Amino acid sequence: MIANIPYLAVAGLIIIGLYTLLFKKNLIKMVIGITILESGVNLFLITLGYRMGSVAPIFTGNADNPVMSYPVPQALTLTSIVIGVAVLALMLTLVIHIYRHHGSLHVSKLGGDDQ
Amino acid sequence: MNIVDMLLTHAPALTIAIPLLGAFLTPLISRVSEKGRNIFAIITVGITALFVFLMASEVLSNGPMTYVFGSTAATVQQSTVIRILFEVDALSIFMAIIGIILSFVAVVYSYAFMEKNTGLDKYYTLLLLMTTGMLGMMLTGDMFNFFVFLEITSIASAALVAFWTNKAKAVEAGFKYIVISTIGALFVLFAIALLYGQYDALNMAKIAQSLGISGFTFIDKIALVLLIAALAMKGGLAPMHMWLPDAYGRAPASISLLLVGATQASLYGLFRIVFTVYGDVISLPSISIGWILVLLGLITMLIGVIMAIIQTDFKRLIGYGAVAELGYMALAVGTGLTIVANADPNITLETAPFAMKAITGGLFHVINDALDIGLLFLVAGAVYYATKETSLNKLGGLARNMKYTTIFFIIGLLAVSGLPPFNGFASKLLIYESTYQLNPILSIVAILSSILLLAIFVKVLHSVFLGPALPKYETVREVPKSMLLAMAVIAGIIIVFGLFPQVIVTNLVEPAANALVNNSGYLQWLTGGF
């Protein structure tokens with residue numbers, strides 16, 4: 001049972017992220033929602049690579065505990081985090097521009113006539 | 001080994017490396033000379049195009065190419081080596097040809113179209129990055145690598161959609177696009193994690209093989225649903241199309257053209273997942289993915305044309321036209337799958353009557369849609385360049401001053417509504433013919449959508465180019481030669497494809513369709529010495 005807790009956390013994070021995206025009307029909150037969703041997916045990847053009682057997959061010459069967790073999901077997560085930072089930066093930049101145009105971050109204030 | 005062989009061996013890597021390197025050299029060259037930078041971007045895409053065509057001749061004559069980044073041995077000490085693998089088969093190269101043509105035309109068109117803008121070093125960097133991401137999605141044989149290229153394409157294209165940050169609508173369209181893309185990409189990553197957790201592999205061929213052995217488990221189904229939903233959303237299929245007209249309509253015209261390629265790269269991903277990764281289980285009669293694609297296609301076509309009727313903005317209207325065109329591809333490919341699933345179990349995709357025809361038509365329509373919709377976007381961009389106006393209510397009488405642009409618009413309009421002798425006719429005829437075999441209603445809806453498209457674009461022709469001369473557009477002049485050249489290249493390809501469709505279908509589309517339905521060619525490296 002205790003081994004399933006990370007998966008429950010993954011489900012929780014993804015559901016919170018989707019809820020935020022669907023029901024929050026503030027652009028910054030939507031960006032936060034995407035970040036939470038992303039954390040959920042990253043946590044899922046990391047959890048997949050974990051083995052009971054394992055150590056970080058680095059060869060230290062210490063033979064006491066030879067069980068290592070899988071390194072591949074960690075590499076994937078690292079890549080995903082880096083991409084996430086780029087996406088987050090771009091989204092926030094666009095939010096700043098939207099705020100300059102409309103003076104508001106509420107979705108209902110967006111739209112209207114061009115220029 | 002002579003130099004051509006060596007270049008050919010490394011062509012899959014160079015196709016990605018050259019635009020990527022070019023992207024980050026662009027700002028440096030921009031410091032020296034603005035004109036030099038524009039020409040540098042054109043040359044970079046040109047060299048990439050050479051490599052794509054070099055690969056095309058190799059793949060079409062000698063079968064799929066594989067390129068390994070990392071260990072060349074598949075296993076070390078009985079454990080599978082994790083490495084990135086590019087696999088280029090006829091379908092990948094077919095899509096890559098579309099992508100590189102669009103990219104080349106876009107970069108030539110940008111030369112004059114974007115001339116008066118500032119921040120062009122960033123523009124060209126992002127444009128080349130978008131090309132890199134698009135080509136990467138088409139060439140890669142690795143699921144996670146696919147996700148990375150998907151994200152590169154999304155980030156670069158969202159930034160380019162919002163390139164005119166002084167326009168509120170453009171920034172909003174960019175924000176919408178990046179939010180949708182990121183959610184889609186995260187679902188793709190989640191699905192990849194599910195598949196990795198089950199099969200301990202990221203390679204598409206390896207996953208396909210394991211999937212074929214294990215059957216079709218519950219987790220595979222969840223992963224398939226997530227992948228189809230996310231990639232259909234990125235591919236602009238209704239009801240997840242709402243970002244598409246905004247993004248297409250607000251981006252600079254050269255970027256709208258490239259976005260068509262990016263959207264189709266996502267559709268390619270969808271087809272690749274459905275036919276290759278799930279290839280061994282997807283055509284089982286109990287699985288109705290084919291019908292789902294057919295339904296999505298029908299809704300997409302209808303929503304696209306109906307929404308296009310009421311648009312008053314030139315580029316948004318073409319954006320909805322593009323949505324409608326995407327429906328045809330989903331419809332045709334879905335029809336192919338459904339025919340097989342309904343037939344008796346001995347019939348496979350290759351032998352079922354009309355299934356291959358449907359898939360060939362669908363794939364041929366991918367390239368035709370890219371060219372037709374692309375040409376219309378370039379014309380809309382030319383009109384905007386000359387008049388600074390995109391509203392259909394305010395434009396009029398432009399044919400007097402812009403006669404070449406008008407001719408290109410007429411070519412695009414006839415091609416997109418599927419009239420002979422243009423290319424849209426060739427692929428749409430294949431689609432009508434094959435969907436009729438599944439259910440006549442499908443082809444009726446498809447023909448109806450084509451007729452509506454014709455009506456919509458004739459209306460645009462009338463309100464933009466014909467009618468009385470408006471005093472405020474008396475001084476409008478024809479657009480610069482490089483923009484005309486870009487449009488002429490596409491128009492030329494449209495006419496050639498329309499006059500000799502059989503040549504293109506036999507040499508390019510049918511190998512791609514065969515590669516799509518028959519995944520054993522894609523899986524052969526697993527047994528073939530790697």
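At what angle do helix 9 and helix 11 of chain B pack? The angle is about 155 degrees, and the two axes lie 8 Å apart. Please keep in mind that this is a predicted model.

**Helix 9 against helix 11**

- Helix 9 of chain B covers residues 218–234, and helix 11 of chain B covers residues 253–277.
- Because angles over 145 degrees count as roughly antiparallel, helix 9 of chain B is roughly antiparallel to helix 11 of chain B.

**Helix 15 against helix 17**

- Helix 15 (residues 355–387) and helix 17 (residues 423–438) of chain B have axes that come within 8 Å and cross at roughly 150 degrees.
- This pair, helix 15 and helix 17 of chain B, is therefore roughly antiparallel.
- The crossing of helix 15 with helix 17 of chain B is left-handed.
- Helix 15 of chain B brings residues including B:Gly361, B:Gly362, B:Phe364, B:His365 and B:Asn368 to the contact. Helix 17 of chain B answers with residues including B:Asn423, B:Ser427, B:Leu430, B:Glu433 and B:Thr435.
- The class division for the contact of helix 15 with helix 17 of chain B is six nonpolar, 10 polar and three charged residues.

**Where chain B touches chain A**

- Chain B has 26 residues in contact with 27 residues of chain A.
- Helix 6 (143–161) and helix 7 (168–199) of chain B each give at least two residues to the side that touches chain A.
- Helix 7 of chain B supplies the largest share of that side, with 16 residues.
- By class, the side of chain B that touches chain A has 18 nonpolar, four polar and four charged residues.
- B:Phe144 sits in helix 6 of chain B, and its contacts beyond four places in sequence are A:Leu76, B:Ile192 and B:Leu202.
- B:Phe144 has 23 other C-beta atoms within 10 Å, so this residue is buried.
- From B:Phe144 to B:Thr435 there are 291 residues in sequence, and the C-alpha atoms are 35 Å apart in space.

**The nonpolar core**

- The largest nonpolar core has 242 residues, and the members that touch the most others are B:Leu127, B:Val188, B:Leu375 and B:Leu378.
- The largest share of this core, 22 residues, comes from helix 7 of chain B.
- Setting aside neighbours within four places in sequence, which residues is B:Leu375 in contact with? They are B:Phe408, B:Ile411, B:Gly412, B:Met487, B:Ile490, B:Ala491 and B:Ile494.

**Prolines in loops**

- B:Pro64 belongs to the loop between helix 3 (34–62) and strand 1 (65–69) of chain B.
- Is B:Pro64 buried or exposed? B:Pro64 is buried, because 22 other C-beta atoms lie within 10 Å and the cut-off for burial is 20 or more.
- Beyond four places in sequence, B:Pro64 is in contact with B:Val59, B:Glu87, B:Val88, B:Asp89, B:Gly521 and B:Tyr522.
- B:Pro64 and B:Ala488 are separated by 424 residues in sequence and by 33 Å between C-alpha atoms.
- The peptide bond from B:Ala238 to B:Pro239 is cis, with omega near 0 degrees, and B:Pro239 is in the loop between helix 9 and helix 10 (243–250) of chain B.
- Another cis peptide bond joins B:Pro420 and B:Pro421, with omega about 5 degrees. B:Pro421 is found in the loop between helix 16 (403–416) and helix 17 of chain B.

- B:Asp200 has a positive phi, near 55 degrees, and lies in the loop between helix 7 and helix 8 (204–214) of chain B.
- B:Asp200 has 16 C-beta neighbours inside 10 Å, so this residue counts as partly exposed.
- B:Lys388, also not a glycine, has a positive phi of about 60 degrees. Its place is in the loop between helix 15 and helix 16 of chain B.
- With 8 other C-beta atoms within 10 Å, B:Lys388 is exposed.

Terms used:
Residues numbered from 1 in each chain as written. Chains lettered and ligands numbered in written order. Predicted model: local features only at pLDDT ≥ 70, side-chain atom pairs only at ≥ 80, totals over all residues. Axes fitted to C-alpha atoms, helices over the stretch in contact; angles between N-to-C directions. Helix = DSSP H or I, 4+ residues; strand = E, 2+ residues; numbered from the N terminus. Parallel < 35°, antiparallel > 145°, perpendicular 65-115°, else oblique. Contact = placed C-beta atoms within 7 Å. Nonpolar A, V, L, I, M, F, W, Y, C, P; charged D, E, K, R; others polar. Core = buried A, V, L, I, M, F, W, Y, C linked by C-beta atoms within 7 Å. Buried ≥ 20, exposed ≤ 12 C-beta atoms within 10 Å, placed from the backbone. Left-handed = near helix turned anticlockwise from the far one by under 90°.
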